[in-house]
Number of protein chains: 2
Amino acid sequence: MHSFKFNDQGLLPVIIQDSENGEVLMLAYMDKIAIERTLSEKKSVFYSRSRNKYWVKGESSGHVQAVLLALTDCDSDTILIKVTQKGGACHLGYRSCFVHELDSKGDISRVTQEKFFDPDTVYKK
Amino acid sequence: MHSFKFNDQGLLPVIIQDSENGEVLMLAYMDKIAIERTLSEKKSVFYSRSRNKYWVKGESSGHVQAVLLALTDCDSDTILIKVTQKGGACHLGYRSCFVHELDSKGDISRVTQEKFFDPDTVYKK
């Protein structure tokens, strides 16, 4: 495996992008094992900093991310993955997690998307 | 300002995306002051973890990023900024920093872009 530059916790940020329309869907973290699993199993596996465990995106919602292309940057401290996103990426029900628009003072001014699915239904399955 | 969730160093990752074609150009870090400056001055200002100082993207290369839209995610721990990128984002001369494709074992298999500018010329100015 390439010598990635992990942070002090052994993690690096991973940007997930919709391969079809280029929408940035989410950012989460991977350690070495999560990178290995994601690239070999071809679906996103992250490391949760709050829960201290691996999680397969979509394991409870069914909203898996099929990995099409993975790239690292010039500093090898970030990964960009282009995926086919089933359902929506955001646990609040949006297609993307990035829907909270900031104004010039850094306050949230509006939500840019309609909800794509009902999280109460999807996460109660 | 919105209550962002900064990491232990008071920083959060910021994804920079080309507003025209959706290409993810780079990821860098901002603290509260860098966010304030970026959103009010309408050009990307980052905080360098290695140099412990603020840097205006393009200050030496001229490759500034004009901020068009800023969004935060559901956890308020990441920001996505859509920009008009002058020149290229990568200090190696590529349009995007994410040009190093990873194979299924996590090794770099190829470079996905041609260089967009000559870094030796641009950074010697």
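**Exercise 1. Work out which helices and strands make up chain A, and in what pattern they follow each other.**

Step 1: Count the elements. Chain A has two helices and eight strands; both are DSSP runs, numbered from the N terminus, with at least four residues of H or I for a helix and at least two of E for a strand.

Step 2: Read along the sequence. The pattern in chain A is β-β-α-β-β-β-β-β-β-α.

A quick word on the source: this is a predicted model, where local features need pLDDT of at least 70, side-chain atom pairs count only at pLDDT 80 or more, and totals for chains, interfaces and linings use all residues. Residues are numbered from 1 along each chain as its sequence is written, while chains are lettered from A and ligands numbered from 1 in the order in which they are written.

**Exercise 2. Compare the radius of gyration of chain A with that of a compact globule.**

Step 1: The rule is 2.2 Å times the number of residues to the power 0.38, with the radius taken over C-alpha atoms. For 125 residues, a compact globule would come out near 14 Å.

Step 2: Check it. Chain A has 15 Å, which agrees.

Step 3: Along the principal axes, the C-alpha atoms of chain A fill roughly 40 × 40 × 30 Å.

**Exercise 3. Trace the open sheet of six strands and find its edges.**

Step 1: Write down the order. It goes S8(A)-S7(A)-S5(B)-S6(B)-S1(B)-S2(B), with mixed pairing; two strands pair if DSSP finds at least two bridges between them.

Step 2: Find the edges. S8 (108-111) of chain A and S2 (24-30) of chain B each have a single partner strand, so one side of each is left without a neighbour in the sheet.

Step 3: Look at where the chains meet. S7(A) and S5(B) run antiparallel, joined by two bridges, and A:Glu101 stands opposite B:Leu71 in S5(B).

Step 4: Move to S1 (residues 12-18) of chain B. Six bridges join this strand to S2(B), again antiparallel, and B:Pro13 stands opposite B:Tyr29 in S2(B).

**Exercise 4. Describe the contact and the side of chain A that touches chain B.**

Step 1: Count residues. The contact takes 36 residues from chain A and 36 residues from chain B; two residues are in contact if their C-beta atoms, placed from the backbone, lie within 7 Å.

Step 2: Name some contributors. Among the elements giving two or more residues to chain A's side are helix H1 (32-41) and strand S5 (65-72).

Terms used:
Nonpolar A, V, L, I, M, F, W, Y, C, P; charged D, E, K, R; others polar.
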